[in-house]
Amino acid sequence: MFGLIDHVGVAVKDLDAAIQLYETTLGMPLVHRETVEEQGVEAVLLDVGPCHVELLRPLGEKTPVGKFLTRKGPGLHHVAYRVEDIEAALAELKARDVELIDAEPRTGIRGSRVAFLHPRATDGVLTEIVEPAEDH
């Protein structure tokens, strides 16, 4: 069902400082920066081979990433797996009784289609499935 790891999401308080760390210190090229209003974040993608690190700065304290930062502080937020057909993947997950946060895909960074699985269904790890936009 899952292709490869698309990205790991990291919640940060200071996006510019995090970019400095990942791009300059760790040598990961910054390839995209965008505000994703639907998810309440400003996000950047940095390349690591065919995968990405996604840095997430919340647009407010009451957003999902804002609440995460309040509860847990900065750090690993989620793991995202690439799928070819997100509707088929969601249907298969539902058939396997996997608890979903999103029953239907929503819009993610760079026009991707995404859905989240509840951490209770994945041993405490917030899991995202991603169908990239055709031009990515």
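Reader: What is the volume of the largest pocket, and what makes a set of points a pocket?
Author: The largest pocket of this predicted model has a volume of about 490 Å³. A pocket is an open set of points on a 1 Å grid over the protein atoms alone, where a 1.4 Å probe fits, with protein on both sides within 12 Å along at least five of seven lines. The volume is the space filled by probe spheres set on the points, which are joined across faces, edges and corners.

Reader: How many residues line the largest pocket, and which lie nearest its centre?
Author: The lining has 26 residues, with Pro64, Phe68, His77, Phe116 and Leu126 nearest the centre; a lining residue has an atom within 4 Å of a point. Helix α2 (64-72) gives the largest share, six residues. At least two each come from β4, α2, β5 and β7, the elements being DSSP runs numbered from the N terminus (helices H or I, at least four residues; strands E, at least two). By class, 13 lining residues are nonpolar, seven polar and six charged.

Reader: How do you know which strands pair with β1?
Author: Pairing requires at least two DSSP bridges. Strand β1 (residues 5-11) has six bridges to β5 (residues 75-82), antiparallel, and five to β4 (residues 51-58), parallel, so by that rule β1 pairs with β5 and with β4. Valine 10 stands opposite leucine 76 in β5, and glycine 9 opposite glutamate 54 in β4.

Reader: Why is the pair of phenylalanine 2 and tyrosine 81 called stacked or otherwise?
Author: The count comes to one aromatic pair. Its rings are 4.9 Å apart centre to centre, with 10° between the planes. Centres within 6.5 Å make a pair, and planes under 30 degrees apart count as stacked (over 60 edge-to-face, the rest tilted), so this pair is stacked. The two partners are 79 residues apart, phenylalanine 2 in the segment before β1 and tyrosine 81 in strand β5.

Reader: What makes the contact of arginine 57 with glutamate 42 a salt bridge?
Author: The N to O distance is 3.0 Å, and the rule asks for a side-chain nitrogen of Lys or Arg within 4 Å of a carboxyl oxygen of Asp or Glu. The contact is therefore a salt bridge, one of nine. Arginine 57 lies in β4 and glutamate 42 in β3 (residues 41-48), 15 residues apart.

Reader: What are the conventions?
Author: Residues are numbered from 1 along each chain as its sequence is written. Local features need pLDDT of at least 70 and side-chain atom pairs 80 or more, whereas totals for chains, interfaces and linings use all residues, and side-chain values use heavy atoms, without hydrogens and water.

Definitions and conventions:
Buried < 20%, exposed > 50% of the residue type's maximum accessible area, 1.4 Å probe, protein only. Nonpolar A, V, L, I, M, F, W, Y, C, P; charged D, E, K, R; others polar. Phe/Tyr/Trp six-rings, centres within 6.5 Å; stacked < 30°, edge-to-face > 60°.
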